[in-house]
Amino acid sequence: MSSDNADAPTLLCVIFDVNPSIWQLREKYAQSGVTKFDELVQSLIVFVNSFLLSNRCNQIYIIANHPEFSSIAYPQNLGGTGSKPEDTGGLENAICEALTSIIRVSCHKTPPEIAMNALPRSLGNALCIINGQLIRSPLKFEPRILVLQISRDNPSAYTSIMNCIFSTQKIGAPIDTMVFARDDSRFLQQASYLSGGIYLRPDDQTDHLQLLTSHYLASNSTRSKLLRMPFQQVVDFKATCFCHGKAIEYAFMCSVCLALTCEASEVCATCGI
């Protein structure tokens, strides 16, 4: 632990999926082993407190990923710094009120089965926060992104998400992911694998607090030197075509907008070139 990065503070952006349609279905058809919104929020608060107390210079931002928009839920006042350990007294109420008020906004446009349109925007918000802090702050932060996802992949968001992945690679910000959907997220599998993060889709979702503290609490440098982190054995690297939204191994790519299609065409249906 004598290296320069051993005690480096962490800048963490948590992207919390607040899809009201899916959370309401979970409450209506409660099943054993499936997490609920209030339970996950409480576990997130415990995780945030533990994260802030592990290093007094750590900073955290919580971004609400709603199907129709992306919003910074905490801290409410973006005055240049995130939450600090001495702020934890009002942290619980602030996070609960912010996420609860956002989840009450109903989905009008996006069907729940593909409601993941805001994820690229949420990743973009996280990247903007990280870039701003890395430029302005005198501290040498270790940036990291944590995605708590319940929605399924939206094929139309593939290119935007891949662009965000490439950006996180450049600034050295791993994308950690915990998926609570019934199926794996191909997009987030690729995001975690390519950025050096951790991908989990637990069979028993009620263990989310234990998984958060045991896998996602440690800093990047601590992970690489002291901990044996879970290895992502299966990664689906298939791309998604823009024309039909299908997973494909081989695709035709537009040289201008990089749109992918499963069939050759003289005119790009995305940009018209």
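Reader: Which residues of helix 1 (residues 20-28) are buried?

Author: Buried means under 20% relative accessible area, exposed over 50%, and partly exposed in between (1.4 Å probe, protein chains only). Helices are DSSP runs of H or I with at least four residues, and strands are runs of E with at least two, numbered from the N terminus. In this predicted model, local features need pLDDT of at least 70, side-chain atom pairs count only at pLDDT 80 or more, and totals for chains, interfaces and linings use all residues. Residues are numbered from 1 along each chain as its sequence is written, and side-chain values use heavy atoms, with hydrogens and water left out. The buried residues of helix 1 are Pro20, Ser21, Ile22, Trp23 and Arg26.

Reader: What covers the buried residues of helix 1?

Author: Contact means heavy atoms within 4.5 Å. The cover includes strand 1 (10-17), helix 2 (37-54), strand 2 and helix 3 (91-103).

Reader: Why does Ser122 count as buried, and which side chain does its own side chain contact?

Author: Ser122, in helix 4 (residues 119-136), counts as buried because its relative accessibility is 0%. A polar contact is a pair of N or O atoms within 3.5 Å; within protein, one must be able to donate a hydrogen and the other to accept it, and residues adjacent in sequence count only if both atoms are side-chain atoms. The side chain of Ser122 makes such a contact with that of Asn65, at 3.1 Å.

Reader: What is the bridge partner of Asn65 in strand 3?

Author: Two strands pair if DSSP finds at least two bridges between them. Asn65 has Ser70 as its bridge partner in strand 3; strand 2 (residues 59-66) and strand 3 (residues 69-74) run antiparallel, joined by 5 bridges.
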